[in-house]
Every structure is written in structure tokens, then in C-alpha cells.
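Please open the model in your viewer and keep the sequence at hand.

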Amino acid sequence: MSTQLDPLSLSGDLLYAVKTEGEIDPLRDRLATLDPDRLERAVATREGKLAFWLNCYNAYAQLRLEEEPGLLEGGRLDRWKFVARDRIPVAGTWLSLNDIEHGLLRSSKHPWGLGYLPRPLPSSFEQRFRLEECDPRVHFALTRGIESRPPITVYSPADVDDDLDIDVEWFLEETVEYDADENVASVPKLFRWYRGDFGGKRGIVSFLREYNAIPGDARPAFEYEAANQTLDVDLDGDVEVDDLRP
């Protein structure tokens, strides 16, 4: 099929095939052997890069979970293997889920730097194909194998911004609670893990206001929901308990 020769169509076709249990191997092979120059032309725009890498991440995350269904139920080492192993061939380069998320979608940001530190020693491939700036909405679009994520979407450059807005609205409605009496917002840990991506604490407040997760005049304190504890943080203060990601 001619659409299979186009990199953007290939990424969408692969994700759709994964979702519908379609034929996957030919699409994987074509993505693996893409000509880098052709890929560069296809993802020359911000919207093209967003759509392509979101589709690739979600397709391969689902494939990895199908290949090893219990992977995320293990300990930290298993979860690290899930994101850090180079199992994704694109245009002649082996990538990991971390490479796509932190290198390509987050514009070479360190996974442990709270959204402030650069990713060390980005590869030439990463520098060539990454987004110029991090769009924090990508955090709500990546499948993690957990129930609180939005339904997986096949992204296209024409619709990616609208679809990301829908993803954010869905996620925040499911996960954010605002107590008007206490002026406290309970929010997911990802806002702490990547607070620099959102522009710091005030940026998080603006983000929540924009998507109607809190009232437009609210300036709440935050409670970051953790697995076995709540991390309390005042808008202008510091987190009282350090939270390390699993």
C-alpha cells in the first residue's frame, strides 16, 4: 500500500494495527528501514514530530506489554527494563521508550531532573528528530499500562493539538480533585516529576486553570498523590517528602 511508504501514515497504521490486532510485522519492518532523509522531511513540522513520536511510543509500549504482560507488575528493575531497553527500530536506529519520551518528545530533558535538567549526551539522531520545545501535554498522551490514562489515540499532524487537549481534559477530570473549603488541589505525581515542563508551580496552576480542573481564580496548595503517601506542597514552598519515581 502506498500509505505504508509515508512515515506519518506508517506510525499511525502501526498503532492502529496494534489496537485492532492487525498485521504488524510489515509495518514494523518499514519503520525500521525508513530512509532518515525521508523521515526528516515527513516530520519537518512540530505537529508532524508530535504525531509521529506519540504513535511510535504508544504502539511499541503496547507491543512490549503484549510480549511480556507481567513486566510492569514486577519491581523497579523490570519497570526500568520496560522503558530503557533499546527495542524500537526506527529509520535504522534502535531506540528505547525513554529515548522517545525524554529525548524526542521532551526535547532532550533528563528523566530525573524534575523537568529542569537537560538529558546528557543526546545522540545525533535525537538532535536531528526531536521537538524543539517540550509540550507538557505529551505526559497525558503516553500509554503506561494503567487505567487512568486516556483511550489510546492515533494522532495525525492535522488533529494532534485538538486530540492532546482532549487527552488532558479526560485525564484531569479523572485524577484531579479540588477542595474549595481547604483550597487544596489533589493532583497526580507527574506534575511533581515534570514540574519544569509545566513552568514550575505557578505554571501548574495556570495549566489546571486552563483546563478547568480548578477555578479560574484559585491559587491552591497541592497534594501530590503517591502510592503509599501524600506529598504536601505549598504553592510557594518546597516538597516536604521527596518522591522518587518507580
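Is the crossing of α1 and α2 left-handed or right-handed? The crossing is left-handed, a term for a near helix turned anticlockwise from the far one by less than a right angle. The model is predicted: local features need pLDDT of at least 70 and side-chain atom pairs pLDDT 80 or more, while totals for chains, interfaces and linings use all residues. Residues are numbered from 1 along each chain as its sequence is written, and side-chain values use heavy atoms, leaving out hydrogens and water.

Select α1 (residues 7-20) and α2 (residues 25-32), which pack at an angle of about 150 degrees with axes 9 Å apart. Axes are lines fitted to C-alpha atoms over the stretch in contact, and angles run from 0 to 180 degrees between N-to-C directions. Helices (H or I, at least four residues) and strands (E, at least two) are DSSP runs, numbered from the N terminus. In α1, P7, L10, S11, D13, L14 and A17 meet L27, R28, R30 and L31 of α2, contact being heavy atoms within 4.5 Å.

Next, select strands β4 (residues 184-188) and β5, which pair in the parallel sense over five bridges; pairing requires at least two DSSP bridges. V187 stands opposite Y224 in β5.

Proceed to S96, in the loop between β2 (93-95) and α6 (97-105). S96 counts as buried because its relative accessibility is 2%, the limit being under 20% relative accessible area with a 1.4 Å probe, protein chains only. Leaving aside residues up to four places away in sequence, S96 touches V83, A84, R85, D86 and I88.

Note on methods: Buried means under 20% relative accessible area, exposed over 50%, partly exposed in between (1.4 Å probe, protein chains only).
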